[in-house]
Amino acid sequence: MKSFKFLVIALFCVITSCTIDKTDYEAETSAEVPEYYEFKEAVSFTSGIYKISIEALNGVFYKGYNELHFKIVNTQTNENISSSEVTFLPILSSTDGKKTSCPHEYNLQYDATNKYFTGYSVFTRESTIGDSWKLYVSFTSDNQNYKVSKDISIEKQSNKNLNMAIFTGKDNEQYVIALIAPQRPTVSENKLTAGIYKYNKSTITEGIFPDPSQFSYSVVSGYTLKLDPRMPEPSMGNHSSPNNQDLTQQNDGLYHGVVNYTMTGNWTLNLIMMNQNGLIIKGTVVPTDFTPGVEGVKSELYIDTLF
């Protein structure tokens, strides 16, 4: 009888702890999970008679994935440039003089319906006193080439559902995984979207700065991102959820899957990245044990989220 009473008390403590944590996370959600759907001008600059405007969500460049819209306007005729070849290169300069880039679309495509060039950039660091970002844009109009650059600021990404991971795989290649959607998950099965990118190591001598061949990234093709979401908080016991779907690449070049969040709170997306041949590039299997009172074990490749 005493054993039964102790068991009931223990179960009550676990359930109560879980409920309290859940309530706290629900209170956090409205304050910590911003949601932006409007594109606004984040920066603009001029070259001769042309104005270049770059739009981003909320008019801000954030650490992580940024969809970008580029508008080039002839200020004399007020006409949008549409037939130009437009290139885009973000460069990060550190105090030690080192210059690097991040995943980005170098050759931009024109969207005739919306009348702007489309691209993206996955900024890997926030701007600090020691780390500064500059954008290099070039375009051609009336057989004349224009090259412009502009210092920008990269802000902290306060939405943890848009976190990212940077790592070196077992193939000794540098990768970046960036979460793109959903911005604000719900307690349900959520469509999960991510970009996977690889740094292209240059095999040629560096040319005139900024030489794009030294700062090139490509979209990873044909990989699989195996997904095992867990709640790692000690009170949650590192439990998972059913009906999740691994991320695979679709026609848009991005990786799509399903993550089932069964309650609000801290979640860890435990990942195993496999190449086209099924070889593991990064990631480890997470134990299935229910561990109340103990912080959950994470894969060697993971991304934390919170909603």
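Q: Which residues does Asn161 touch, leaving out those up to four places away in sequence?
A: In this predicted model, Asn161 touches Val33, Leu179, Pro182, Gln183, Pro185, Thr305, Leu306 and Phe307, with residues up to four places away in sequence not counted.

Q: Is Asn161 buried or exposed?
A: Asn161 has a relative accessible area of 3%, so it counts as buried, the cut-off being under 20%.

Q: Where does Asn161 sit in the fold?
A: In a loop: Asn161 lies between strand 12 (154–155) and strand 13 (164–168).

Q: And what does the Asn161 side chain reach at 3.1 Å?
A: The backbone oxygen of Leu306. Leu306 is also one of the residues that Asn161 touches.

Q: Phe307 was in that contact list too. Which residues is Thr186 in contact with, neighbours within four places aside?
A: Tyr261 and Phe307, once the neighbours within four places in sequence are left aside. Thr186 and Phe307 are 121 residues apart in sequence, and their C-alpha atoms are 8.1 Å apart in space.

Q: Where is Thr186, then?
A: Thr186 is in the loop between strand 14 (174–181) and strand 15 (189–199). With a relative accessible area of 42%, Thr186 is partly exposed.

Q: Which side chain makes a polar contact with the side chain of Thr186?
A: That of Ser188, at 2.5 Å.

Q: Switching to charges. How many salt bridges are there?
A: The count comes to seven salt bridges. One of them joins the side chains of Lys134 and Asp151, with an N to O distance of 3.8 Å. This pair links distant parts of the chain, as Lys134 is in strand 10 (residues 131–141) and Asp151 in strand 11 (residues 144–152), 17 residues apart.

Q: How exposed are Lys134 and Asp151?
A: Lys134 is partly exposed at 27% relative accessible area, while Asp151 is exposed at 55%.

Q: What about Lys226, which side chain does it meet in a salt bridge?
A: Asp246, at 3.2 Å from N to O. Here too the pair links distant parts of the chain: Lys226 belongs to strand 17 (residues 224–230) and Asp246 to strand 18 (residues 245–249), 20 residues apart. Lys226 is partly exposed, at 35% relative accessible area, and Asp246 is partly exposed at 29%.

Q: Which side chain does Arg230 meet in a salt bridge?
A: Asp228, with 2.8 Å between N and O. Arg230 is buried, at 4% relative accessibility, whereas Asp228 counts as partly exposed at 21%.

Q: How does strand 1 run against strand 2?
A: Strand 1 (residues 39–47) and strand 2 run antiparallel, joined by eight bridges. Phe39 stands opposite Leu57 of strand 2. The two strands form a hairpin with two residues between them, and Gly48 in the turn has a positive phi of about 65°.

Q: And which way do strand 2 and strand 4 pair?
A: In the antiparallel sense, over six bridges, with strand 4 covering residues 64–74. Lys51 has Val73 in strand 4 as its bridge partner.

Q: Tyr65 and Tyr120: buried or exposed?
A: Tyr65 is partly exposed at 22% relative accessibility, and Tyr120 is buried at 12%.

Q: How are the rings of Tyr136 and Phe209 arranged?
A: Their centres are 5.7 Å apart and their planes stand at 90°, so that pair is edge-to-face. Tyr136 is in strand 10 and Phe209 is in the loop between strand 15 and strand 16 (217–219), which puts this pair 73 residues apart, linking distant parts of the chain. Phe209 is partly exposed, at 34% relative accessibility.

Q: Which residues form one aromatic cluster with Tyr50?
A: Phe139 and Tyr146.

Key
Residues numbered from 1 in each chain as written. Predicted model: local features only at pLDDT ≥ 70, side-chain atom pairs only at ≥ 80, totals over all residues. Heavy atoms only, no water. Salt bridge = Lys/Arg side-chain N within 4 Å of Asp/Glu carboxyl O. Helix = DSSP H or I, 4+ residues; strand = E, 2+ residues; numbered from the N terminus. Buried < 20%, exposed > 50% of the residue type's maximum accessible area, 1.4 Å probe, protein only. Polar contact = N/O pair within 3.5 Å; in protein donor to acceptor, adjacent residues only side chain to side chain. Contact = heavy atoms within 4.5 Å. Pairing = 2+ DSSP bridges. Phe/Tyr/Trp six-rings, centres within 6.5 Å; stacked < 30°, edge-to-face > 60°.
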